[in-house]
Amino acid sequence: FSMLGFYEMSSISTLNQSSPVKVRGSFLQSFIFGAVSGTAASPCLTGPLAIVLSFVAKQGSPLVGFLIMLTFAFGMGLLLILIGTFSGSLSVIPRAGMWMIEFKKFFGFILIWVAISFAEPFLDRITVKALYATLIFGAVGHYIMILLPKFKKTTKPLQQEKPQESTDE
């Protein structure tokens with residue numbers, strides 16, 4: 001619901017303020033940043049890593065395990081390598097604006113759809129259909145309310161042309 005604009009989530013205010021003492025590039029700062037990032041990424045990484053590790057254990061070969069884990073690690077770091085390599089082209093990315101808010105709302109509707117699909121096995125068919133219908137009507141209604149004022153600005157009422165007076169005398 002935060003993505004749809006019902007409430008706003010912001011970071012802790014002490015993190016937003018600039019501290020009077022800036023230590024750039026310290027090992028402690030890097031460690032803390034890595035620990036926080038690892039904690040945030042761990043739930044996303046645990047499932048795929050468990051699958052890869054169980055596959056490696058089933059194979060029983062250290063060489064196959066090494067190659068699979070190396071490939072997995074390369075795949076995890078590939079995005080960071082690409083961003084670092086082509087960081088000069090990041091200026092091409094469009095600037096934030098109203099389009100980004102609507103983009104966020106669009107993905108908010110998609111997240112609700114995913115949540116309904118996850119809850120589907122636990123709900124009866126009528127409830128699931130009602131939830132999907134509510135989601136569709138809500139999304140369509142939202143985008144109609146956005147597009148309607150723009151449509152009204154582009155369409156002008158038809159006005160009859162006044163006959164021009166003849167100047168021939």
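## The helices

A helix here is a DSSP run of type H or I with at least four residues, and helices are numbered from the N terminus. Phe 106, for example, has its place in helix H4. This is a predicted model. The protein chain has five helices and zero strands. Read along the sequence, its pattern is α-α-α-α-α.

How many residues does the protein chain have, and what share of them is buried? The chain has 169 residues, and 9% of them are buried. Its accessible surface is about 15,200 Å². Carbon and sulfur atoms account for 71% of that surface. Now take the contacts between residues at least 6 apart in sequence: 53% of them join residues at least 24 apart.

## Confidence

The mean pLDDT of the protein chain is 80. A value of 70 or more is reached by 79% of the residues. Where is confidence lowest, and where is it highest? Helix H1, residues 13-16, has the lowest mean, 54. Helix H4 has the highest, 89.

## The nonpolar core

In soluble globular proteins, nonpolar side chains tend to be buried together. Which residues make up the largest nonpolar core in this model? There are seven: Leu 4, Phe 109, Ile 116, Val 128, Tyr 132, Leu 135 and Ala 139. H5 gives the largest share, four residues.

Look at Tyr 132, one of the core residues. Leave out residues up to four places away in sequence, and Tyr 132 touches Trp 113, Ile 116, Ser 117 and Glu 120. Of these, Ile 116 is also listed in the core.

Buried means under 20% and exposed means over 50%, with partly exposed in between.

## One salt bridge

A search of the whole structure finds one salt bridge. Which side chains meet in it? They belong to Lys 105 and Glu 102, at 3.8 Å from N to O. Both residues are in helix H4, three residues apart, which means that about one helical turn separates them.

Lys 105 is buried, because its relative accessible area is 17% and the cut-off for buried is under 20%. What does it touch, beyond residues up to four places away in sequence? Lys 105 contacts Met 3, Leu 4, His 142 and Tyr 143. Leu 4 is one of the core residues.

## Val 56 in helix H2

Helix H2 spans residues 27-59, and Val 56 lies in it. Val 56 counts as buried because its relative accessibility is 16%, and the limit is under 20%.

Which residues does Val 56 touch? Not counting residues up to four places away in sequence, they are Gly 65 and Ile 68. Phe 66 is 10 residues from Val 56 along the chain. The C-alpha atoms of Val 56 and Phe 66 are separated by 8.6 Å.

Definitions and conventions: Residues numbered from 1 in each chain as written. Heavy atoms only, no water. Core = buried A, V, L, I, M, F, W, Y, C linked by side-chain atoms within 4.5 Å. Buried < 20%, exposed > 50% of the residue type's maximum accessible area, 1.4 Å probe, protein only. Helix = DSSP H or I, 4+ residues; strand = E, 2+ residues; numbered from the N terminus. Contact = heavy atoms within 4.5 Å. pLDDT = per-residue confidence, 0-100. Salt bridge = Lys/Arg side-chain N within 4 Å of Asp/Glu carboxyl O. Areas by Shrake-Rupley, 256 points an atom, 1.4 Å probe, with all protein chains shown as cover.
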